[in-house]
Amino acid sequence: MSETRFIQVAFDLPLNFTFTYSLTEDCPLPPIGARVVVPFGSGQKNGFVVESPSLSPSTERAIKEVAKVIDQESLFGPWTLELAQWLSTHYLCSLGQAIATLLPSAKREKSLDFLEIVQAADHDLCLNPEQKEAL
């Protein structure tokens, strides 16, 4: 019998804490910085893994399971998490809000590969005449 694995998840919501979720045996262990889909309230929500693996929670409450691991690789490195923690403390926002602010919107909201992100960014560009000439 294998040991239950837990992760800590932060959301792009004004909540001053993270949530603990468990992983099923067949669910891959997501790295810190990966996005996961988890039960939240009466629905599901995307969140960022901020601690993995996490220690077993000391709570009487039932721990919900991760529904889906979106990313097999981290969207950000340790320095980004450190910066997000600093932003959260100094600007009184949640860790998840700070992480979301640091990531490009295409990267945090959709499962896009690099080429799709570049194409999305190019599509949204509004260049002035000097910028068009330079390009």
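Phe-11, Phe-17, Phe-19 and Phe-40 make up one aromatic cluster. The model is a predicted one, in which local features need pLDDT of at least 70, side-chain atom pairs count only at pLDDT 80 or more, and totals for chains, interfaces and linings use all residues. Residues are numbered from 1 along each chain as its sequence is written, and side-chain values use heavy atoms, with hydrogens and water left out.

**Aromatic pairs**

A search of the whole structure turns up 6 aromatic pairs. Rings of Phe, Tyr and Trp (its six-membered ring) pair if their centres lie within 6.5 Å; planes under 30 degrees apart count as stacked, over 60 as edge-to-face and the rest as tilted. Two of the pairs are set out here.

| Pair | Centre to centre | Angle between planes | Type |
|---|---|---|---|
| Phe-11 and Phe-19 | 5.4 Å | 65 degrees | edge-to-face |
| Phe-48 and Phe-76 | 6.5 Å | 65 degrees | edge-to-face |

Phe-48 sits in strand E4 (residues 43-54). Phe-76 sits in the loop between strand E5 (68-69) and helix H1 (78-90). The pair therefore ties together parts that are 28 residues apart in sequence.

Phe-11 has 3% relative accessibility, so Phe-11 counts as buried. Phe-19 has 22%, so Phe-19 counts as partly exposed. Phe-48 and Phe-76 are both buried.

**The whole protein**

The protein has 5 helices and 5 strands. Helices (H or I, at least four residues) and strands (E, at least two) are DSSP runs, numbered from the N terminus. From that end, the order of elements is β-β-β-β-β-α-α-α-α-α. Of the 135 residues, 33% count as buried. Contact means heavy atoms within 4.5 Å. Among contacts between residues at least 6 apart in sequence, 59% join residues at least 24 apart. The accessible surface comes to about 9,100 Å² (Shrake-Rupley method, 1.4 Å probe; for residues, only the protein chains shown count as cover). Carbon and sulfur atoms hold 54% of that surface.

**Pro-14**

Where is Pro-14 placed? Pro-14 is in the loop between strand E1 (5-10) and strand E2 (19-23). Its relative accessible area is 68%, so Pro-14 is exposed. Leaving aside neighbours within four places in sequence, Pro-14 is in contact with Ser-94 and Gln-97. Pro-14 and Cys-93 are 79 residues apart in sequence, yet 6.4 Å apart in space, C-alpha to C-alpha.

Note on methods
Buried < 20%, exposed > 50% of the residue type's maximum accessible area, 1.4 Å probe, protein only.
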